[in-house]
Amino acid sequence: MSEELRKRRFQAIVFHTFILVLSIIVVIILTLLNLRLGEDTGEAPNLMPFQIFILIIAFYSAMEVWRYYKIRIPEMSLVEVLKCNKCGYVEKRRPQKGDFVFKKVGECPKCGGVIFIESIYKEVKARKSER
Amino acid sequence: MNGNIATDFIMWFLFLAFFAYIMRELEIWRIIRDIERYISLYKSIRDKALVVTLNTFKEVAAKTKSRLDLKMLEERVMGLVESVLIEPVSMDPFGIVGKLKHIVLTGDRTATQEVKRLIPEASETDVENLKNLIAASRSLNIIYKSVDHVYRLGRKFKSIWLLYQLQALLPFVTEAMRALESSLEAFTNGFPVGDGAGPLLAARFIKKFGGNELKIEEIAEETIMAEVPFKNRKVLVIKAKGPSGVTGRLDDAFEEIVVKRKIPVKMVITVDAALKFEGEKTGTIAEGVGVAIGGLGIEKFNIEKTAAREKIPLYAVLIKMSEIDALSVMSREVCEAINVALKNVERIIEERSQENDIVVLIGVGNTIGISP
């Protein structure tokens with residue numbers, strides 16, 4: 001589901017950013033229009049309610065962008081731990097399809113003992129800042 | 001003057017009524033939008049599960065060089081996904097567990113036959129993994145359809161209370177959907193899941209104390225028993241037979257030991273994965289008294305019945321995890337917690353039994369990706 005969630009998160013951020021930018025542009029246009037009409041006729045029309053309404057939409061969109069941006073969807077990686085029966089040599093790799101715990105996978109490169117899969121698990125990938 | 005006040009009053013009243021109506025409509029629209037978003041997510045997950053199941057069937061067929069009629073395969077798989085298990089009537093509950101077990105076993109055997117009919121050359125492990133995939137797809141399909149049903153009814157009758165109830169349940173439903181979806185990866189590749197904590201602990205116990213001359217026998221269908229010496233005691237370790245995705249017939253195995261072979265068992269320890277509370281950490285260990293087996297309760301009932309009759313103490317060790325952790329590939333936290341739980345099991349055996357006693361250790365759960 002993490003892929004689907006990531007896709008939906010991206011779509012939501014794009015959509016709300018678009019609404020935010022559009023709202024800001026409309027507010028700027030309305031302000032300029034107000035000033036221009038005021039200069040031409042000497043009496044500017046009252047566009048304040050529209051501006052406030054659109055600003056509320058912009059604020060809501062900004063909050064949504066921030067909310068979706070803050071959602072962290074962890075990336076997981078699969079790990080397989082191989083262990084030697086004799087000397088305790090340990091190696092980690094990505095599991096292959098059909099691998100299972102306690103499957104014998106070969107000989108130990110150090111002592112020639114039997115290497116078996118000790119565990120298969122998933123863990124959260126460390127983010128760049130945490131590495 | 002009086003006429004104006006009356007008109008103002010009527011206008012205000014109409015405005016308030018209109019405002020209340022609009023607010024209610026807006027609220028319904030907002031809830032409907034929210035539910036629709038979830039339903040579209042559930043539908044995409046259900047469709048993904050079907051695609052993964054069909055692709056895995058094709059992969060297994062290619063691996064075994066079996067010929068497949070794709071149209072027929074799709075129809076048969078959809079048939080299996082849409083199939084239902086009808087629970088026995090419970091008006092007279094006497095003997096209901098036996099009836100339920102019979103129905104569940106019939107369902108299991110039918111699923112095995114269906115998969116084998118589609119791919120006769122498939123190995124036992126592949127058949128079980130395909131059955132698990134079908135079961136996950138079936139659950140996803142049922143959840144999606146149930147949520148969609150309530151949503152459509154709520155929308156049809158504009159019932160805000162029905163929609164409120166559905167919306168309130170969505171976080172729990174989403175958790176279940178996410179858990180089932182994450183199980184697809186494990187069942188496709190045959191990797192251990194979090195629910196396999198019990199069988200993995202049993203397997204580690206066998207590996208640690210079993211030695212080279214270990215006796216492992218298939219004591220019941222899809223269930224193995226290993227006789228393991230431990231500190232001058234004999235521990236009979238029972239678990240489902242891996243590495244295929246089965247949970248075994250643990251109650252049958254226990255009955256075979258205690259009733260048929262009349263082995264004087266002094267103590268039973270069950271180890272299982274248990275659901276954690278939201279505030280608890282994954283991998284927390286809890287000890288208790290009783291039989292730690294989830295599911296429909298058939299095996300739990302049978303083991304309790306036999307143990308109570310023979311007056312055998314029942315102890316349990318639980319490894320806590322979320323629903324998602326239980327069904328997806330085993331997490332590192334669970335994997336590490338198993339070692340801690342293993343030490344607890346060793347301590348319980350040492351403290352609560354005497355030398356030369358016979359102890360039964362049952363690793364409960366799906367043994368996918370875990371041998372023996």
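Modeller: Domain bounds come from an automatic or database domain assignment. For chain A that assignment gives domain 1 (2-70) and domain 2 (76-125), and their C-alpha centres lie 55 Å apart. This is a predicted model, in which local features need pLDDT of at least 70 and side-chain atom pairs pLDDT 80 or more, while totals for chains, interfaces and linings use all residues. Residues are numbered from 1 along each chain as its sequence is written, with chains lettered from A and ligands numbered from 1 in the order written.

Biologist: And what does the domain assignment give for chain B?

Modeller: Chain B has domain 1 (12-188) and domain 2 (194-363). The separation of their centres, taken over C-alpha atoms, is 31 Å.

Biologist: How many residues does each domain of chain B bring to the contact?

Modeller: Domain 1 of chain B brings 19 and domain 2 of chain B brings 13, where contact means C-beta atoms, placed from the backbone, within 7 Å. On the domain 1 side, helices H3 (96-118), H4 (124-156) and H5 (160-189) of chain B each supply at least two residues. H5(B) has the largest share of that side, with 10 residues.

Biologist: What makes a residue of that side nonpolar, polar or charged?

Modeller: Ala, Val, Leu, Ile, Met, Phe, Trp, Tyr, Cys and Pro are nonpolar, Asp, Glu, Lys and Arg charged, and the others, Gly among them, polar. The domain 1 side of this contact in chain B then divides into eight nonpolar, five polar and six charged residues.

Biologist: Why are E1 and E5 of chain B said to stand at the edges?

Modeller: The seven strands of this open, mixed sheet run E1-E2-E3-E7-E4-E6-E5 in chain B. E1 (215-220) and E5 (285-289) of chain B each have a single partner strand, so one side of each is left without a neighbour in the sheet. Neighbouring strands are turned by 25 degrees against each other on average, direction ignored.

Biologist: Which helices lie on this sheet?

Modeller: H6 (residues 197-209) of chain B lies across E2, E3, E4 (265-275), E6 (314-321) and E7 (358-363) of chain B, at about 140 degrees to E3(B). H7 (residues 250-260) of chain B touches E1, E2, E3, E4 and E7 of chain B, and its direction makes about 110 degrees with that of E1(B).

Biologist: Why are H7(B) and H8(B) called roughly parallel?

Modeller: Their axes cross at roughly 15 degrees and come within 8 Å. Angles under 35 degrees count as roughly parallel, over 145 as roughly antiparallel, 65 to 115 as roughly perpendicular and the rest as oblique, so H7(B) and H8(B) are roughly parallel. Among the contact residues are Phe254(B) and Val258(B) of H7(B), with Ile303(B) and Thr306(B) of H8(B). By class, this contact has six nonpolar, two polar and four charged residues.

Biologist: Finally, how many residues of chain B are in contact with chain A?

Modeller: 23 residues of chain B, facing 15 residues of chain A. H1 (2-63), H5, H6 and H10 (332-352) of chain B give two or more residues to that side, and H5(B) gives the most, with four. By class, the chain B side has 11 nonpolar, eight polar and four charged residues.

Notes: Two strands pair if DSSP finds at least two bridges between them. Axes are lines fitted to C-alpha atoms, for helices over the stretch in contact, and angles run from 0 to 180 degrees between N-to-C directions. Two residues are in contact if their C-beta atoms, placed from the backbone, lie within 7 Å.
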